[in-house]
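I opened this model to look up its packing, its charge pairs and a few loop residues. My entries follow in the order I made them.

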Amino acid sequence: MTVIHINDRKKKIKRKFTSTRGSIFLLAVVLNISAMQAAVEGNFPTRNQKLMANLKPHSRITASKMEPVKIARGGSINGKDNGAKLPNQVGGSAIRNALFPIHGKNEVTKFLLIGSIKFFVILALTLTRDNKDTMVVTECGAEAIAFLKIYGVLPAATLFIALYSKMATLMEKKTLFYSTCVPFFVFFFIFDAIIYPNRHSIQPSLSTVRSMLRMQPDAKGASVIFAKLFANWTSALFYVVAEVYSSVSVGILFWQFANDVVSVQQAKRFYPLFAQMSGLAPILAGQYVVRYASHADNFEESLHRLTWMITFAGVMICSFYKWANDFIERNDAVTGEVQTKKKKTKMTMAESTRFLASSEYLRLIAALVLGYGLSINFTDIMWKSILKKKYPDPLDYQRFMGNFSSIVGLSTCIVIFFGVHAIRILGWRMGALATPAVMACLALPYFSSILMGVDQPKALHIAVALGTMQTLLSKTAKYALFDPTTQMAYIPLDEESKVKGKAAIEVLGSRIGKSGGSLIQQGLVMIFGDIISAAPALTVIYYSVLVWWAYSAHRLGILFSEKTEETKSHKR
């Protein structure tokens, strides 16, 4: 019988087994004879692995004392997450654990399979998002986006949620996933193969619509936008479906599956890396558009090239979903961790309003969410409007948006990594105030350039450059500072306020932030004729929202500090 002597200092063990070979050697010693060959070949057993239990200094463990230990999800032993204590984690360096804290063949495979689903979801989302903007903005004008979000996207999303809720009660999870995912990609394929090539036969001309609506030749405002939308209803339909897909794909298709199969302990390590991994998708999608799709002879051919990649992404989403399920069912023992996750509280609009009204703290968090949603909506549509003036050709507009998506993806990967450190250095209040401050400073030259006029090519070029910088850095500040500080604000609250407050803010924030901004801009278009002419009024509204947002962040910072101190004193 072979006896294994263990050093009494863990540091010596780590130095001894800093390499992968050292980890494999350790496994070969502690596993039984049948597992040794698999360890040497790199094929670690996935079920009933035999590991040493409870290693202690000066302990002696013999092969006869080893018992089979059941490995659960993510390498947890007997239902308990063992974090970085698996043998193959001993040799990991501090840098490696900080950058990629996922260990073991099973965990890495599981992470890559699930992460690949999100990667292809974001890939398809980026391609469809940029394509819908290209079609609607160049054909109907950027102002049409505000109208489509209210009269197209909102009813369609409501109908989809009602249908999905009914399907969820009748179908098992796998069938529900495919039944939700596949129809979107079938529509994108049919749109490219049948609808768009025959658009001139199935949609009326603009002159026909104007005569039907009895519009005057010099008509402006909402009537002109509605006429353009009717005359280009195929593009409007694509916009609505793509917008619903953007809401469904990440929130329902990916996160619902990930929350079902990733344990709470794994989520702490998996989820930040999912964000990093999916941040690469916009880079690839943008460069695919810039270097291949936008170099087609016409927009119809470019749409064919985009649809090829969108269809490929859809196939890969379904394939990785199947492979991930097969792998989890084959290699993971069922534990109670995933099943005991708390279900997300859902609240109606009325319930959300009543709950928020009862707490100043939650009202201030809601003010932050609404402040960002309204302000980014105001600048986004105006920016796309001047983009159309500079790039009236759909292929040029498409090429620009492809490059912009790549830059956003790259900046997202960078800022997510450094965001936590920025908040640690600046503190919560300064971190929360940084986003409205950055947006206020960047918007000043941007709005000034528009107010001075964009009729001259040089002036238009400057306005586009300033608007692009403002949009990019505003989104970067959101990812790096706004999102982390907003989530941190829930930490000192009691459990009921955390759960119900977050649900209430998500309902009001998402609906009022998007719909409210669109309604305000609709009113401005009806008064001034187009969004660029409404720039002076929009500037006043924009800075009023930022002042309200900054005041709310300042006030919330005071309450956050008080509640944090209260929590610390209670723990003492």
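**Cores**

I started with the largest nonpolar core, which has 71 residues. Leu229, Tyr361, Ile365, Met382 and Leu556 have the most contacts inside it. By nonpolar core I mean a set of buried Ala, Val, Leu, Ile, Met, Phe, Trp, Tyr and Cys residues joined through side-chain atoms within 4.5 Å. Buried is under 20% relative accessible area, exposed is over 50%, and partly exposed is in between (1.4 Å probe, protein chains only). Helix 17 (residues 360-390) gives the largest share of this core, 15 residues. I also found a second, separate core of 66 residues. Ile114, Ile117, Tyr164 and Leu253 are among its members.

Next I listed the partners of leucine 556, leaving aside neighbours within four places in sequence. Leucine 556 is in contact (heavy atoms within 4.5 Å) with Tyr361, Leu364, Ile365, Leu368, Trp428 and Ala489.

**Ground rules**

This is a predicted model, so I kept its limits in mind: local features need pLDDT of at least 70, side-chain atom pairs count only at pLDDT 80 or more, and totals for chains, interfaces and linings use all residues. Residues are numbered from 1 along each chain as its sequence is written, and side-chain values use heavy atoms, with hydrogens and water left out.

**Whole chain**

I counted 22 helices and two strands in the chain. Helices (H or I, at least four residues) and strands (E, at least two) are DSSP runs, numbered from the N terminus. Of the 572 residues, 51% count as buried. I then checked contacts with a separation of 6 or more: residues 24 or more positions apart account for 80% of them. The accessible surface comes to about 28100 Å². Carbon and sulfur atoms hold 63% of that surface. These areas come from the Shrake-Rupley method with a 1.4 Å probe; for residues, only the protein chains shown count as cover.

**Salt bridges**

How many salt bridges does the structure hold? I found 13. The criterion is a side-chain nitrogen of Lys or Arg within 4 Å of a carboxyl oxygen of Asp or Glu.

I took lysine 174 and glutamate 329 first. Their side chains meet in a salt bridge at 2.7 Å, N to O. Lysine 174 lies in helix 7 and glutamate 329 in helix 14 (residues 299-331), so the pair ties together parts that are 155 residues apart in sequence. Lysine 174 is partly exposed at 27% relative accessibility, and glutamate 329 is partly exposed at 48%.

Then I looked at aspartate 396 and arginine 399, whose side chains meet at 3.0 Å, N to O. Both lie in helix 18 (residues 394-426), three residues apart, about one turn of the helix. Aspartate 396 is partly exposed at 33%, as is arginine 399 at 24%.

Aspartate 483 pairs with lysine 478 in a salt bridge, with the closest N and O atoms 3.0 Å apart. I checked the cover on each side. Aspartate 483 is partly exposed at 26%, whereas lysine 478 is buried at 19%. I also noted a network: salt bridges that share partners join Lys132, Asp133, Glu243, Asp380 and Lys384.

Helix 13 (residues 280-291) has 12 residues. It reaches 17 Å from its first C-alpha to its last, close to the 16 Å expected. The expected span is 1.5 Å times one less than the number of residues. I listed its buried residues: Ala281, Pro282, Ala285, Gly286, Tyr288, Val289 and Val290.

Alanine 293 lies in the loop between helix 13 and helix 14. Is alanine 293 buried or exposed? It is buried, at 0% relative accessibility. Not counting residues up to four places away in sequence, alanine 293 touches Tyr288, Ser302, Arg305, Leu306 and Gln398. I also computed its C-alpha to C-alpha distance to histidine 304: 8.3 Å, across 11 residues in sequence.

**A positive phi**

Most residues other than glycine have a negative phi. Arginine 214 has a positive value, near 55°. I placed arginine 214 in the loop between helix 9 (206-212) and helix 10 (222-231). It counts as exposed, at 76% relative accessibility.
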